[in-house]
Every structure is written in structure tokens, then in C-alpha cells.
Amino acid sequence: ASYGLAGPCAVLGAALLGRGEVWKAVALNLIWATVVLVAYGMTPDSWGALGAAAAVAAGYVVLTVLYVVWIAPSWNVVTEILPLLAVSLGSLALTAALALTPGVPLPLSVAFSAVIGLAAVWKWGLSGLPPVARTWLRI
């Protein structure tokens, strides 16, 4: 799950540096490192590599939230789709967690993801997309 968040975070981090906002990038990276270290320190020793992976995932979740809540509004990014983005990322994380949980059948994970997707379409619909996205999707 952390790889799914690492990509967008890397792109946004490069954009942040490209805009000359170096101190914001430093602050975000320090927060990320702090979250990873604290989360890893809180995991039991028996977790081993799983604890390290969970700590890195927690760091990327916090970093993604900071990009969406702090950086995106300062760049005048369209914020109407932020709730849908949060639901999408949350359902992705929960679906991945279900799929990796021993004893949970894969069809249940897929059904969970489908239900969340249908609920998002029911709540926001395709008309909730910004005009640029509707044009691109030819809706």
C-alpha cells in the first residue's frame, strides 16, 4: 500500500522543489521521517519487517494527507474532489488490508472495494467531477 502512495508523494515532492518551496519540502520530509520512526518504535519486536513496512505506510499516509490538506490549497488546486480522493485512498488501503489478511477470501475484498466504489458514485456521481475531468472522460 505504501508504494501506491510513494509515487504521488514523489511527484508532488519534485513539484514542490521545482516551485522553489524547499523549506516546505524539508518540513514535510522531517514529519514523514518522524512518523516512520515513531510508528516503527511502537510496533512489537515480533513484527519484524512487517512492522517496518507498516511504519513506512503510516508515514506515506500522513505525507499524502499533508499534501492534500496543506500543499494543494496553496497551489490553488481544485479541491472539490478531495472528499472523493480521500474515499478512494481509504478504500484502496482497506481493500489491500483485507486482501492481505489471512482467512479473508479474495472475493470478499473485491466485493468490499466494489461497494465502496458504487457508494462513491452514488454520493458524488460523475457530475461531481470538475469540468476538465468530464471533458477528458467525454461525459
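**View 1. A contact between Thr43 and the backbone of Tyr40 in a predicted model.** A polar atom in the side chain of Thr43 lies 2.7 Å from the backbone oxygen of Tyr40, a polar contact being a pair of N or O atoms within 3.5 Å in which, within protein, one atom must be able to donate a hydrogen and the other to accept it, while residues adjacent in sequence count only if both atoms are side-chain atoms. Thr43 is placed in the loop between α2 and α3 (49–74), where helices (H or I, at least four residues) and strands (E, at least two) are DSSP runs numbered from the N terminus. Thr43 is buried, because its relative accessible area is 15% and buried means under 20%, exposed over 50% and partly exposed in between (1.4 Å probe, protein chains only). The model is predicted, with local features requiring pLDDT of at least 70, side-chain atom pairs counting only at pLDDT 80 or more, and totals for chains, interfaces and linings using all residues. Residues are numbered from 1 along each chain as its sequence is written, and side-chain values use heavy atoms, with hydrogens and water left out.

**View 2. The salt-bridge network of Arg19, Glu21 and Lys24**. Glu21 pairs with Arg19 in a salt bridge whose closest N and O atoms are 3.1 Å apart, and the side chain of Glu21 also meets that of Lys24 at 3.5 Å, N to O; a salt bridge is a side-chain nitrogen of Lys or Arg within 4 Å of a carboxyl oxygen of Asp or Glu. By this rule the count comes to two salt bridges. Glu21 is buried, with a relative accessible area of 17%, whereas Arg19 is partly exposed at 47% and Lys24 is partly exposed at 25%.

**View 3. A nonpolar surface patch to which helix α2 gives the most**. Leu17, Val22, Trp23, Val26 and Leu30 make a nonpolar patch of about 530 Å², and four of the patch residues come from helix α2 (residues 22–42). Patches are made of residues with over 30% relative accessible area and no salt bridge, like charges being joined within 9 Å and nonpolar side chains (Val, Leu, Ile, Met, Phe, Trp, Tyr) within 5 Å. Leu30, which lies in helix α2, is exposed, with a relative accessible area of 55%.

**View 4. Gly90 and Val61, with the whole chain as context**. Gly90 is placed in helix α4 (residues 82–100) and is partly exposed, with a relative accessible area of 29%. Gly90 and Val61 are 29 residues apart in sequence and 9.5 Å apart in space, C-alpha to C-alpha. The protein chain contains six helices and zero strands, and buried residues make up 21% of its 139 residues. Among contacts in the protein chain with a separation of 6 or more, 61% are between residues 24 or more positions apart.

Conventions: Accessible areas come from the Shrake-Rupley method with a 1.4 Å probe; for residues, only the protein chains shown count as cover. Contact means heavy atoms within 4.5 Å.
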